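Morning, everyone. I have one structure to go through, and I'll keep it short. Let me put it on the screen.

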Amino acid sequence: MLRLLYAVLLGLVGAGIVHIAVLLLLPVVSDRDAWSRLSQAGGLYAVLPLHGAEADRRVLRSADPLFQAVACRFDLADGVTHIRGVGHLPYWSVSVYDRGGQNVYSFNDRSSTAGTLDLVVLTPAQMIEVRKDLPQAYAESVFVEAEIGEGIVVVRGFVPDASWAPIISSELGAAVCTAE
Amino acid sequence: MILRILLFLIVIAIAVGGGTASVWYVLRAQDGIGALTVGDWTAFPSIGTPAADPYARARIARDGILPLGRAEGLAFIAERDSAGNRLRRDCDYRVEGATPTARFWTLVAADPTLAALDHGGRPSAVQSRQILRKADNSFAIAVGPRPAPGNWIRIDGTGSLALVLTLYDTPVTGGAGLGEFELPQVLRTGCDA
């Protein structure tokens, strides 16, 4: 009887250790996270929809049905990432995520120069290079300095009612995501 | 010898089974660790930020979600009404009150996994720019299977229901006055017997 009690106690201590181990390992080994699902749907720098029928079931869905969203995976080892193209919509917002889906930076249309999306994601080292001689193409860009290698950019657009859906869809779909 | 092996197996079973089950349970619970509760509503303000706790990180990895950034918005989830009963899809509810400052907000009826409900291809959702308001700028939105005057979110079917209120471009996410504002009440007005 005492040995059984001892075994149960030992099991509970083990359960605590397993709990912590599973918790910390989940983000590392998960094949269901956003990056994995997006990589099944398309390559790096592909602008993938997260809404509507064209979105693969495996691709995560945008949570709010009154929003449409596109995502683009990037790797800063290829050079700085430049995302542009979304224009005058009722509301749009952008988030930069790291490889694990942690939100690194976000802003919305009120923060941009002309109400249009023009975002450059780069590492601090690349920022020093760009500062030396700012290319004309980046004159109106919002710079996001992030100490990340790979990451995901998500652009979300508000759809006030169904009549806006085609306009928002084509605006978001026309977004360009490139390594430069 | 057999007793010893049996005890060893018990230890392993409790450790592996209990450990994984407890992680599964904690991640599934909506009012888990790191939650901010305001009235009937719960939010995870730190989810997806570098300040997130391990539970929030695991939740992101498991569900493949890309949470809203601080400049984008904050989602509040209600799974119980003001009386503490679980929300059901065959009941009528009234969401009544006012929201904190935000550029706009959306109210979405969802299933327990937070996938939005729809009826005939139309989402079960309203947004703040299309609703009728009272003279004092507060509002009342009916949620239920039966049509209601004023603002109405149509839901069908049976089972559990969750309501998601997302505030967009709001100072609330900046941490200013977190926990010092009011959100609408979720009141049950009727139920199919």
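In chain A, of the contacts with a separation of 6 or more, 66% are between residues 24 or more positions apart. Keep in mind that this is a predicted model. As for burial, 39% of the 180 residues of chain A count as buried.

Along the principal axes, the C-alpha atoms of chain A fill a box of roughly 80 × 45 × 30 Å.

Chain A has four helices and nine strands. Read from the N terminus, the order is α-α-β-β-β-β-β-β-α-β-β-α-β.

Now the two chains together. Helix α1 of chain A, residues 2-29, packs against helix α1 of chain B, residues 2-28, at an angle of about 35°, and the axes are 7 Å apart. The crossing of α1(A) and α1(B) is right-handed. That contact between α1(A) and α1(B) has 16 nonpolar residues, seven polar and one charged.

Last, a strand in chain B. Strand β5(B), residues 104-110, has seven of its seven residues buried, so it is largely enclosed by the rest of the structure. In a regular strand, side chains alternate between the two faces of the sheet. In β5(B) both faces are covered: Phe104(B), Thr106(B), Val108(B) and Ala110(B) are buried on one side, and Trp105(B), Leu107(B) and Ala109(B) on the other.

What does β5(B) pair with over seven bridges? Strand β11(B), residues 162-168, in the antiparallel sense. There, Phe104(B) has Tyr168(B) as its bridge partner. β5(B) also runs antiparallel to β8(B), residues 125-127, joined by three bridges, with Leu107(B) opposite Val126(B).

Terms used: Residues are numbered from 1 along each chain as its sequence is written. Chains are lettered from A and ligands numbered from 1 in the order in which they are written. This is a predicted model: local features need pLDDT of at least 70, side-chain atom pairs count only at pLDDT 80 or more; totals for chains, interfaces and linings use all residues. Helices (H or I, at least four residues) and strands (E, at least two) are DSSP runs, numbered from the N terminus. A residue is buried if 20 or more other C-beta atoms lie within 10 Å of its own, exposed if 12 or fewer, and partly exposed in between; C-beta atoms are placed from the backbone. Two residues are in contact if their C-beta atoms, placed from the backbone, lie within 7 Å. Axes are lines fitted to C-alpha atoms, for helices over the stretch in contact, and angles run from 0 to 180 degrees between N-to-C directions. A crossing is left-handed if the near helix is turned anticlockwise from the far one by less than a right angle, and right-handed if clockwise. Ala, Val, Leu, Ile, Met, Phe, Trp, Tyr, Cys and Pro count as nonpolar, Asp, Glu, Lys and Arg as charged, and the others, Gly among them, as polar. Two strands pair if DSSP finds at least two bridges between them.
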